[in-house]
Amino acid sequence: MTSVSGYNINKTLCCGTQYRTLRYRSMNFMAWEYWTDGYRDGSLMPNDHGLRKCKCGNFYIMRELQHIAQVDESELPYTEDVQLDELPQAIAKARTPEIELAARLDYWHHLNHTYREQYRAHRKIEEAATKAAWEAENPDTRTWWQKLRKVHAPVYERPKGSPFTYPAYELTKVQTENLKALQTLSTQNAAALDPITRAEIHRELGHFSEALQLLETLDEKDQDITSRLITKLAKEKNVTVIRYNM
């Protein structure tokens, strides 16, 4: 469960404007959807990379804020999110590699959203067809008396081996340029991104050997559903952004 207790008061380095941010008591990172590029849909916690815009027009990242105080109540404005159409501007105006990295990571997620919609629609149609076929083979044969006595109807379970397909995933020129820039930024500062995210960038670009080399550096305790899925996809030479369950 995500819960908050008051606010942190901070100021920006660029012009000293003060903003309030939530002071978290506990954090829950559960979401409706998880994707291999790190995007979480319906997440209980923010799913960005800390990029914000100051009222003076400068872009900054949250960890640049200077902490002033902790308070229970405040009328100060919240930090301002960067709008999706402002991300190219944030990249172009980035004062530091860290700001550019945050902007490009957000841009990566944004550019994949069109494919996510195609993916969801495709999966919905295919799953509906699978369920319809199952229902045709498992009709509800209860009599009216059984229904009255609340005898349960057959319960649908997705049959093993059912089709699982998705639309073709093809990078646009803008996506490719952004991923290559992310690749360069993460190479220049390997500590800036975790190995799983770096591996996913390589995989989406089709650099499967590099992706697998990064994933092989993970300790057993750091391997999870995400890393195992990306490993599987890299071995299959698959560049598709995939939705999965945690």
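Start by selecting strands S2, S1 and S7: these three form an open sheet in that order, with antiparallel pairing. (Strands are DSSP runs of E with at least two residues, helices are runs of H or I with at least four, and both are numbered from the N terminus; two strands pair if DSSP finds at least two bridges between them.) At the edges sit S2 (18–26) and S7 (66–71), each pairing on one side only. From one strand to the next, the twist averages 35 degrees.

A quick note on what you're viewing: this is a predicted model, where local features need pLDDT of at least 70 and side-chain atom pairs count only at pLDDT 80 or more, while totals for chains, interfaces and linings use all residues. Residues are numbered from 1 along each chain as its sequence is written, and side-chain values use heavy atoms, leaving out hydrogens and water.

Now pick S1 (residues 3–11) together with S7: five bridges link them in the antiparallel sense. Click Asn10 and look across to His67, its bridge partner in S7.

Next, move to another open sheet, again of three strands, in the order S4-S3-S9 and with antiparallel pairing. Its edge strands are S4 (40–41) and S9, each of which pairs on one side only. Select S3 (residues 33–35) and you'll find two bridges joining S3 to S4, antiparallel. One to show is Glu33, whose bridge partner in S4 is Asp41.

(Axes are lines fitted to C-alpha atoms, for helices over the stretch in contact, and angles run from 0 to 180 degrees between N-to-C directions; contact means heavy atoms within 4.5 Å.)

On to a helix pair. Select H6 (residues 208–215) and H7: they pack at an angle of about 150 degrees, with axes 9 Å apart. That makes H6 roughly antiparallel to H7, a label for angles over 145 degrees. To see the contact, show Phe208, Ala211, Leu212 and Leu215 on H6, plus Ser227, Ile230, Thr231, Ala234 and Lys235 on H7.

Last stop: Asn238, in the loop between helix H7 (225–235) and strand S9 (243–244). Is Asn238 buried or exposed? Asn238 is buried, because its relative accessible area is 12%, and buried means under 20% (1.4 Å probe, protein chains only). Show its neighbours too: not counting residues up to four places away in sequence, Asn238 touches Tyr166, Arg203, Phe208 and Leu233.

Methods. Buried < 20%, exposed > 50% of the residue type's maximum accessible area, 1.4 Å probe, protein only. Parallel < 35°, antiparallel > 145°, perpendicular 65-115°, else oblique.
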